[in-house]
Amino acid sequence: MNNIIKTFVASEAITEFALVSSTTDGKIAITDAATDARCIGVAQRACASGEVVEVLVQGESRVIAGDTIANTVSLVMADTDGNVVAHATTGNYAIGQILPNVNQASASANDQILIKFTGPNNLLP
């Protein structure tokens, strides 16, 4: 799989490896809900408001775990801070799949983990 990276203007300060969503003015902001169908990717570096930042819109990227993620979890969703947590609860979109490896089969809060970003899908009814 080839990674696809695009550049966007940030509407707020964004942290490295945060999930980001498109805004109504065509910029990006940190994704703050698992119900956000506008989540478009993962910021590849930190930036200030008004700066241009590279965003992975398809492919593999590091993200930040917002909570403990067990080794039995496959799909992840956004939390309120642009991080990822285990996909669960009615009305939430999965945004990607964890790519575990022998060195990291689970994650704790604030750990960097590798995912395959797919965008909002697998909405739980």
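Guide: In this predicted model, strand β1 (residues 4–9) and strand β5 (residues 52–64) run antiparallel and are joined by six bridges.

Visitor: What makes β1 and β5 a pair?

Guide: Pairing requires at least two bridges. Six bridges join β1 to β5, so the two strands pair. Phe8, for example, has Val53 in β5 as its bridge partner.

Visitor: How do you know that strand β4 (residues 39–43) pairs with β5?

Guide: Two bridges join β4 to β5, and at least two are needed, so the strands pair. They run antiparallel, and Val42 stands opposite Leu56 in β5. Strand β9 (residues 112–121) also pairs with β5 in the antiparallel sense, over six bridges. There, Ile64 has Gln112 in β9 as its bridge partner.

Visitor: Why is His87 called buried?

Guide: The relative accessibility of His87 is 16%, and buried means under 20%, so His87 counts as buried. His87 is found in the loop between β7 (84–86) and β8 (94–98).

Visitor: What makes the approach of His87 to Ala94 a polar contact?

Guide: A polar atom of the His87 side chain lies 3.3 Å from the backbone nitrogen of Ala94.

Visitor: Why is the link between Glu54 and Arg45 called a salt bridge?

Guide: Their closest N and O atoms are 2.8 Å apart. The cut-off is 4 Å, so the pair qualifies. The structure holds one salt bridge.

Visitor: Are Glu54 and Arg45 buried, exposed or partly exposed?

Guide: Glu54 has a relative accessible area of 28% and Arg45 one of 30%. Both values lie between 20% and 50%, so both residues are partly exposed.

How values were computed
Residues are numbered from 1 along each chain as its sequence is written. This is a predicted model: local features need pLDDT of at least 70, side-chain atom pairs count only at pLDDT 80 or more; totals for chains, interfaces and linings use all residues. Side-chain values use heavy atoms; hydrogens and water are left out. Helices (H or I, at least four residues) and strands (E, at least two) are DSSP runs, numbered from the N terminus. Buried means under 20% relative accessible area, exposed over 50%, partly exposed in between (1.4 Å probe, protein chains only). A polar contact is a pair of N or O atoms within 3.5 Å; within protein, one must be able to donate a hydrogen and the other to accept it, and residues adjacent in sequence count only if both atoms are side-chain atoms. A salt bridge is a side-chain nitrogen of Lys or Arg within 4 Å of a carboxyl oxygen of Asp or Glu.
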